[in-house]
Amino acid sequence: MESTLTPAKLLAAQANASAGIAREDFDGIVRAHQRRIYRVLLGIVRDPDTADTLTQECFLRAYRSRHSFRGESSVATWLVRIAVRLAIDHGRNRRNRFWRQLFGGATTDESAAGSTAVEELPDAGASPERQLAAREQADAVWAAVDQLSPQQRAAFLLRFVEEMKLEEIARAMALEVGTVKAHLSRAVGALRKRLKERGIYAPASDR
């Protein structure tokens with residue numbers, strides 16, 4: 001019989017920190033958190049194929065380290081932490097490949113990440129003009145987000161898209177709360193500056 005990780009079982013697993021996560025419970029964890037992990041990764045790497053690959057890698061790593069889970073944070077925060085680290089490492093490796101290719105004279109047909117935006121589509125009942133304006137604004141916002149550093153982008157997305165608390169973001173990113181606040185402050189400041197130039201609203205607070 002297929003095992004389902006109910007909220008009660010999840011709480012019990014977290015309470016029994018020394019036991020880690022049971023193998024038979026892991027399928028339930030994947031079903032419960034797969035969409036969110038993919039959404040977080042897509043927001044950071046901005047490429048569906050890469051996000052899908054990293055989502056699979058996230059759960060593979062989580063499965064391999066399931067016995068080390070001790071319940072200091074929720075399962076969701078633990079998974080987001082793995083996902084964010086994967087995304088940041090992926091971005092760093094990608095930049096390294098770019099500079100090696102640039103100075104080595106190599107060429108590549110690889111498309112730049114960021115061609116796909118995570119966005120809320122405008123109301124289907126809106127006029128074509130309003131739909132176009134809404135899409136242009138969304139594209140401008142994501143273009144500005146793309147200019148942030150990987151850590152600033154991750155902190156921004158976890159705060160304003162996933163609506164995670166500062167303490168949760170700090171645990172997910174393995175940072176101090178003060179460092180998260182600093183990343184958010186710089187991210188919001190940079191976005192305000194870029195979006196103000198285009199007359200588009202930026203988040204007013206990083207708190």
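**Aromatic pairs and a helix crossing**

Mentor: In this predicted model, the count comes to three aromatic pairs, where rings of Phe, Tyr and Trp (its six-membered ring) pair if their centres lie within 6.5 Å. Local features need pLDDT of at least 70, side-chain atom pairs count only at pLDDT 80 or more, and totals for chains, interfaces and linings use all residues. Residues are numbered from 1 along each chain as its sequence is written, and side-chain values use heavy atoms, leaving out hydrogens and water.

Trainee: How are the rings of Phe69 and Trp78 arranged?

Mentor: Their centres are 5.1 Å apart and their planes stand at 50°, so the pair is tilted; planes under 30 degrees apart count as stacked, over 60 as edge-to-face and the rest as tilted.

Trainee: What about Phe156 and Phe160?

Mentor: Phe156 and Phe160 also form a tilted pair, with 4.9 Å from centre to centre and 45° between the planes. They are four residues apart in helix 6, which means about one helical turn between them. Helices are DSSP runs (H or I, at least four residues), numbered from the N terminus.

Trainee: Is Phe156 buried or exposed?

Mentor: Phe156 is buried, at 6% relative accessible area, whereas Phe160 is partly exposed at 28%. Buried means under 20%, exposed over 50% and partly exposed in between (1.4 Å probe, protein chains only).

Trainee: New topic: which ring does Arg66 lie over?

Mentor: Arg66 lies over the face of Tyr63, 4.1 Å from the ring centre. The rule requires NZ of Lys or CZ of Arg within 6 Å of the ring centre and within 35 degrees of the ring normal.

Conventions. Helices (H or I, at least four residues) and strands (E, at least two) are DSSP runs, numbered from the N terminus.
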